[in-house]
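Hi everyone, thanks for coming. Today I'd like to walk you through one structure, so please have a look at it with me.

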Amino acid sequence: MQTHRSKVLIIGSGPAGYTAAIYAARANLAPILVTGPQSGGQLTITTDVENYPGFAAGVQGPWLMEQMRQQAVNVGVRIIEDMMTFVDVRQAPVRAGGELGDIYIADTLVVATGAKARWLGIPGEQEYSGRGVSACAVCDGIFFRDKVVAVVGGGNVAVEEALHLANLAARVFLIHRRNTLRAEKILQDRLMRNPKIKILWNSRVGEILGGGGARANRARAAKVVSTVSGETAELPLDGVFVAIGHDPASALFRGQLDMDEAGYIRIAPWSTRTSRPWVFSCGDVSDPKYRQAVTAAGMGCMAALEAERYVLENSPRLQVALQDRG
């Protein structure tokens with residue numbers, strides 16, 4: 001068991017975490033980044049990435065994250081493959097512990113733990129993930145230009161995704177298990193007025209079906225089940241977008257940081273500062289709206305700059321507190 005001390009501790013290794021680490025290292029803060037359970041975040045399970053600036057031809061998600069990781073290493077970030085089991089942020093320095101038994105003590109904490117899309121848990125969903133099945137229309141919609149797609153869900157996110165896809169696809173089906181939508185009225189009005197969108201009421205997707213021949217490794221249809229009669233029909237599709245919500249990875253901080261009703265960590269406007277002045281939150285764990293790699297990276301930059309400012313302004317007090325906690 002080791003005790004690691006740092007000015008900045010970063011939990012999470014997606015675009016937000018790596019960007020925060022790069023900026024903190026360049027500020028000579030000697031940051032420690034703890035990767036968490038999925039090193040690289042959600043982009044490691046994403047294939048083509050065409051909307052991250054700087055790559056004219058697009059890149060593969062895993063490659064992009066490996067480049068971010070290597071850039072962080074090159075500027076001096078210490079990366080530790082561990083998963084936190086507890087974090088105490090009630091006072092600074094913060095104290096945390098990992099599965100390996102190590103203890104982490106830091107003047108400031110950057111939370112970049114991300115969020116995970118909720119999935120339907122049906123056959124074919126994970127098999128065809130990235131090959132016709134997606135949880136992000138903004139990320140992947142461009143690959144379905146002039147094709148037939150479906151969105152599963154009935155809330156704001158599902159309606160927004162359907163409207164976004166209607167600008168690209170030839171036809172959009174919105175599949176919803178009830179006979180009314182939960183989305184805001186203004187979004188519903190836009191949806192109903194769009195001639196390219198058809199709603200399949202009282203329906204759920206029971207299975208994603210793959211194609212044969214040239215489309216053997218891609219989704220080709222969805223098995224749609226009536227929630228009223230139980231009848232099943234096969235709906236030919238090129239893509240299925242699951243839009244039933246996300247779960248922020250914020251469980252470690254419940255009762256310690258202010259969160260909204262969905263568990264997203266609240267941050268101050270135009271800031272990444274949380275309800276604890278020495279804790280900064282960035283990326284999808286605090287962003288229920290955009291959830292993009294580029295916005296996460298931008299927030300990571302903000303978090304590092306704010307952590308640097310906090311350390312500079314509180315350095316004498318932190319040194320005394322560190323001796324008390326160490």
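Let's begin with a term we'll need: a residue counts as buried when its relative accessible area is under 20%, as exposed when it is over 50%, and as partly exposed in between. And please keep in mind that what you see is a predicted model.

With that cut-off in hand, take Phe144: its relative accessibility is 5%, so it is buried. Phe241 is buried as well, with a relative accessible area of 0%.

How are the rings of Phe144 and Phe241 arranged? Their centres are 5.3 Å apart and their planes stand at 75 degrees, so we call this pair edge-to-face. The pair also links distant parts of the chain, 97 residues apart. Phe144 sits in the loop between helix 3 (137-140) and strand 11 (148-152), while Phe241 belongs to strand 17 (residues 239-242).

How many aromatic pairs does the structure hold? There are three. One of them joins Phe55 and Trp63: the ring centres are 5.8 Å apart with the planes at 85 degrees, so this pair is edge-to-face. Phe55 is partly exposed at 30% relative accessibility, and Trp63 is partly exposed at 40%. Through ring pairs, Tyr52, Phe55 and Trp63 form a cluster.

Now let's move on to charge. On the surface, Arg177, Arg178, Arg182 and Arg204 gather in a patch of positive charge. Is Arg182 buried or exposed? Its relative accessible area is 54%, so Arg182 is exposed. You'll find Arg182 in the loop between strand 12 (171-175) and helix 5 (185-193).

Conventions
Residues numbered from 1 in each chain as written. Predicted model: local features only at pLDDT ≥ 70, side-chain atom pairs only at ≥ 80, totals over all residues. Heavy atoms only, no water. Patch = residues over 30% accessible without salt bridge, like charges linked within 9 Å, V, L, I, M, F, W, Y side chains within 5 Å. Areas by Shrake-Rupley, 256 points an atom, 1.4 Å probe, with all protein chains shown as cover. Salt bridge = Lys/Arg side-chain N within 4 Å of Asp/Glu carboxyl O. Lys, Arg positive; Asp, Glu negative; His and termini not counted. Charge placed at Lys NZ, Arg CZ, Asp CG, Glu CD. Helix = DSSP H or I, 4+ residues; strand = E, 2+ residues; numbered from the N terminus. Buried < 20%, exposed > 50% of the residue type's maximum accessible area, 1.4 Å probe, protein only. Phe/Tyr/Trp six-rings, centres within 6.5 Å; stacked < 30°, edge-to-face > 60°.
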